[in-house]
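How does one read a protein fold step by step? Take a look at the model below before reading on.

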Amino acid sequence: MAATDSQTETGHTKHPTFVFEVDGVEYTHDKPTITGAQIMAMAGINPADGLVQILPDGTRITITPDETVRLVPGAQFKRRPRFKRG
């Protein structure tokens with residue numbers, strides 16, 4: 001899930017593609033950074049639901065809609081879990 005250079009059939013190099021995962025679904029982006037709002041829009045997540053990033057060590061951090069995230073190889077995100085009382 002790293003940035004990859006792809007070539008067209010004519011041999012011209014295209015821009016790198018950055019791959020990330022949200023709730024088990026892979027998405028691509030053409031820039032190394034993306035906002036939380038863009039990730040949520042691509043994945044169909046309501047901004048009120050929220051988003052968390054899962055770091056390589058398993059730590060989860062909340063990503064706000066206006067926060068800019070650097071897409072690194074293996075970047076994973078999930079809809080923020082909702083907790084019910086009772």
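The paragraphs below go from the overall layout to the sheet, the helix, the core and one loop.

This is a predicted model, where local features need pLDDT of at least 70, side-chain atom pairs count only at pLDDT 80 or more, and totals for chains, interfaces and linings use all residues. Residues are numbered from 1 along each chain as its sequence is written, and side-chain values use heavy atoms, with hydrogens and water left out.

Start with the parts list. The protein has 1 helix and 7 strands. Helices (H or I, at least four residues) and strands (E, at least two) are DSSP runs, numbered from the N terminus. Read from that end, the order is β-β-β-α-β-β-β-β. Of the 86 residues, 28% are buried. Buried means under 20% relative accessible area, exposed means over 50%, and partly exposed lies in between (1.4 Å probe, protein chains only).

In what order do its 5 strands lie? They run S2-S1-S7-S4-S5, in an open sheet with mixed pairing. S2 and S5 (60–63) stand at the edges with a single partner strand each, so one side of each has no neighbour in the sheet. Neighbouring strands are turned by 35° against each other on average, direction ignored. Here axes are lines fitted to C-alpha atoms, for helices over the stretch in contact, and angles run from 0 to 180 degrees between N-to-C directions.

Look at the pairs one by one. Two strands pair if DSSP finds at least two bridges between them. S1 and S7 are parallel, with 2 bridges. Glu-21 stands opposite Gln-76 in S7. S4 and S7 are antiparallel, with 4 bridges. S4 (51–54) also runs antiparallel to S5, again joined by 4 bridges. Follow Ile-54: its bridge partner in S7 is Gln-76, and its partner in S5 is Arg-60.

Next comes the helix. Which residues of H1 are buried? They are Gly-36, Ile-39, Met-40 and Ala-43. Seen down the axis of H1, these buried residues fall within an arc of 95°, so they line one face of the helix. That arc is taken from the directions from the helix axis to the C-beta atoms. Their cover includes S1, S2, S3 (33–35), S4, S5 and S7 (76–79). After H1 comes Gly-44, with a positive phi near 70°.

The largest nonpolar core has 15 residues. Such a core is a set of buried Ala, Val, Leu, Ile, Met, Phe, Trp, Tyr and Cys residues joined through side-chain atoms within 4.5 Å. Those with the most contacts inside it are Phe-20, Val-22, Ile-39, Leu-51, Leu-71 and Phe-77. S1 and H1 (36–43) each supply at least two residues of this core. Leaving aside neighbours within four places in sequence, Leu-71 has contacts that include Phe-18, Phe-20, His-29 and Phe-77. Contact means heavy atoms within 4.5 Å.

End at a loop. Asp-23 sits between S1 (18–22) and S2 (25–29). Its phi is positive, about 50°, although Asp-23 is not a glycine. Asp-23 is partly exposed, with a relative accessible area of 37%.
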